[in-house]
Amino acid sequence: MSKDEHREGIKGMANPTRYGIERVAYWLMRLSGLGLLAYFVGHIYETSNILRGQVGWNEFLELTQTTEGHLVLAIVIAMCVFHTVNGIRVMLGHGGIGVGKPARPDYPYEPASQNYRHKIGIYSAILLAAIAMMYGLAVMFGE
Amino acid sequence: MAQVSSISNEQTSPTSKLITLRISRFNPEHDESSGFMEFSVSYEKWTTVLEAILDVKKHHDHSVGVRYSCRQATCGSCGMIINGKPRLACFTKISELNSDVVTVEPMNNFPIIRDLAVKFEKLFDTHQKIKPYLIRDDTEIESNEKEFLQSPEEVEQYIQFANCIKCGLCNSACPTMATDSSFVGPQALAQAYRYVADSRDKGKDSRLKIIDDSHGIWRCHFAGSCSQVCPKGVDPAMGIQLLRGYMLGFRS
């Protein structure tokens with residue numbers, strides 16, 4: 001990327017503070033996607049330990065039974081739920097569903113595509129992710 | 001490069017207030033990096049950011065580089081980053097910003113000419129790329145009718161997107177534009193929808209082929225920042241999603 005182009009770069013892309021809850025959802029979607037990808041790679045490594053036999057498998061599985069392991073799994077649960085629910089919202093939007101109808105705009109030009117349906121979808125995704133994470137924590141630490 | 005100056009009191013009225021106007025200064029021909037110059041400027045309730053910048057040019061530093069023309073949000077020349085968000089300087093009142101400090105910078109994702117003025121070549125190139133005109137086999141002259149008739153409902157399908165003034169604010173706010181220099185951008189994609197949705201146009205297939213590219217419509221992730229900064233209510237995010245609806249078979 002050339003400096004001449006004056007692009008914001010990753011820093012600008014990842015800044016969720018300026019454009020409302022939709023940009024926060026965009027940022028969380030990227031973050032949770034990368035997190036789930038990292039978990040997926042780690043999960044493949046984890047399950048590959050079965051090749052070391054039952055002892056090796058049990059040894060590695062103990063890592064997930066620690067406090068840190070529980071916290072990581074709780075974050076994975078939250079990422080998974082948010083990515084799923086928000087992903088459904090985004091997929092519907094990508095098909096042109098729920099983004100409003102074209103009409104002559106009136107000042108102050110509230111964009112119809114940023115309507116309450118999508119805002120409810122975003123807040124629902126965040127809320128469900130938080131509930132799922134708390135439920136996961138309760139199950140894991142309640143044992 | 002910081003410098004503080006104030007406009008003389010003879011220019012101010014009893015109802016005026018003072019703000020600090022921070023102007024980004026950068027000349028790519030001889031500057032290594034950008035810096036800010038600060039000016040103390042008086043303003044009234046109705047004073048726009050552009051008027052404040054022009055005050056600075058008139059009274060303090062005429063070398064400040066800024067592009068403007070109509071001063072009424074019609075020409076799309078004076079787009080810039082004002083207090084962190086892309087806005088038209090002529091359409092943004094200082095009193096609406098609720099800040100004692102107003103920082104103006106050149107728009108992101110556009111090469112800088114000097115200070116606040118940026119190059120629009122890429123914007124116009126991508127706009128031209130999506131064929132921003134009616135495509136038909138026949139012409140008005142050859143047709144038996146004098147004009148291509150449309151119902152009010154057919155006009156409603158695209159008229160919102162015809163309001164685009166090519167100011168570039170949407171491209172400046174877009175998170176994909178921030179990292180992908182080959183992305184077509186929300187401005188051009190919204191204009192592609194404008195013509196695809198026009199009942200007089202017969203060029204849908206050729207336009208969809210142009211934007212069906214790895215750096216085309218599929219790079220839009222519906223962050224919606226483009227629609228939030230549009231000063232004309234065009235709502236490019238809606239146009240892009242509706243356009244993608246055609247490509248995914250949700251619309252015909």
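## What helix α1 of chain B packs against

The buried residues of α1(B) pack against β2 (17-25), β3 (35-43), β4 (79-82) and β6 (101-105) of chain B. This comes from a predicted model. Which residues of the helix are the buried ones? In helix α1 (residues 49-59) of chain B they are B:V49, B:L50, B:A52, B:I53, B:L54 and B:V56.

An α-helix has 3.6 residues a turn, so residues three or four places apart point the same way.

## Where the two chains meet

Let us turn to the contact between the chains. Chain B brings 50 residues to it and chain A brings 38 residues. Between chain B and chain A an area of about 3600 Å² is buried, and carbon and sulfur atoms give 56% of that.

How many salt bridges cross the interface of chain B and chain A? There is one, and it joins the side chains of B:E156 and A:R104, with N and O 3.1 Å apart. Polar contacts across this interface come to 16 residue pairs, both residues being at pLDDT 80 or more. On the side of chain B that touches chain A, the elements giving two or more residues are β5 (85-88), α3 (152-156), α4 (169-173), α7 (225-229) and α8 (236-247) of chain B. Of these, α8(B) gives the most, with six residues. By kind, the residues on this side of chain B divide into 25 nonpolar, 17 polar and eight charged.

## Salt bridges within the chains

Over all chains, the whole structure has 14 salt bridges. One of them lies in chain A, where the side chains of A:R52 and A:E59 meet at 3.3 Å, N to O. Is A:E59 buried, exposed or partly exposed? With a relative accessibility of 45%, A:E59 counts as partly exposed.

B:R194 forms a salt bridge with B:D198, and their closest N and O atoms are 3.0 Å apart. B:R194 has a relative accessible area of 10%, so it is buried. B:D198 is at 2% relative accessibility and therefore also counts as buried. The side chains of B:D201 and B:R207 form another salt bridge, at 2.6 Å from N to O, and both B:D201 and B:R207 are buried. Elsewhere in chain B, a network of salt bridges links B:R25, B:D61, B:R114 and B:D115.

## Aromatic pairs

The structure holds seven aromatic pairs over all chains. One of these is formed by A:Y107 and A:Y109, which are edge-to-face, with 5.6 Å from centre to centre and 80° between the planes. A:Y107 counts as exposed because its relative accessibility is 57%, whereas A:Y109 is partly exposed, with a relative accessible area of 21%.

Another pair is made by B:F120 and B:F124. Their ring centres are 5.7 Å apart and their planes lie at 75°, so this pair is edge-to-face.

## Two residues to look up

First, find B:Q191, which sits in helix α5 (residues 186-196) of chain B. Is B:Q191 buried or exposed? Its relative accessibility is 3%, so B:Q191 counts as buried. Leaving out residues up to four places away in sequence, B:Q191 touches B:H127, B:I130, B:F161 and B:C164.

Next, go to B:T15, in the loop between β1 (4-6) and β2 of chain B. B:T15 has a relative accessible area of 58%, and is therefore exposed. What does the side chain of B:T15 contact? It makes a polar contact with the side chain of B:E44, at 2.7 Å. For a sense of distance, B:T15 and B:M238 are 223 residues apart in sequence and 42 Å apart in space, C-alpha to C-alpha.

Terms used
Residues numbered from 1 in each chain as written. Chains lettered and ligands numbered in written order. Predicted model: local features only at pLDDT ≥ 70, side-chain atom pairs only at ≥ 80, totals over all residues. Heavy atoms only, no water. Contact = heavy atoms within 4.5 Å. Buried area = accessible area lost by both parts, 1.4 Å probe. Salt bridge = Lys/Arg side-chain N within 4 Å of Asp/Glu carboxyl O. Polar contact = N/O pair within 3.5 Å; in protein donor to acceptor, adjacent residues only side chain to side chain. Helix = DSSP H or I, 4+ residues; strand = E, 2+ residues; numbered from the N terminus. Nonpolar A, V, L, I, M, F, W, Y, C, P; charged D, E, K, R; others polar. Buried < 20%, exposed > 50% of the residue type's maximum accessible area, 1.4 Å probe, protein only. Phe/Tyr/Trp six-rings, centres within 6.5 Å; stacked < 30°, edge-to-face > 60°.
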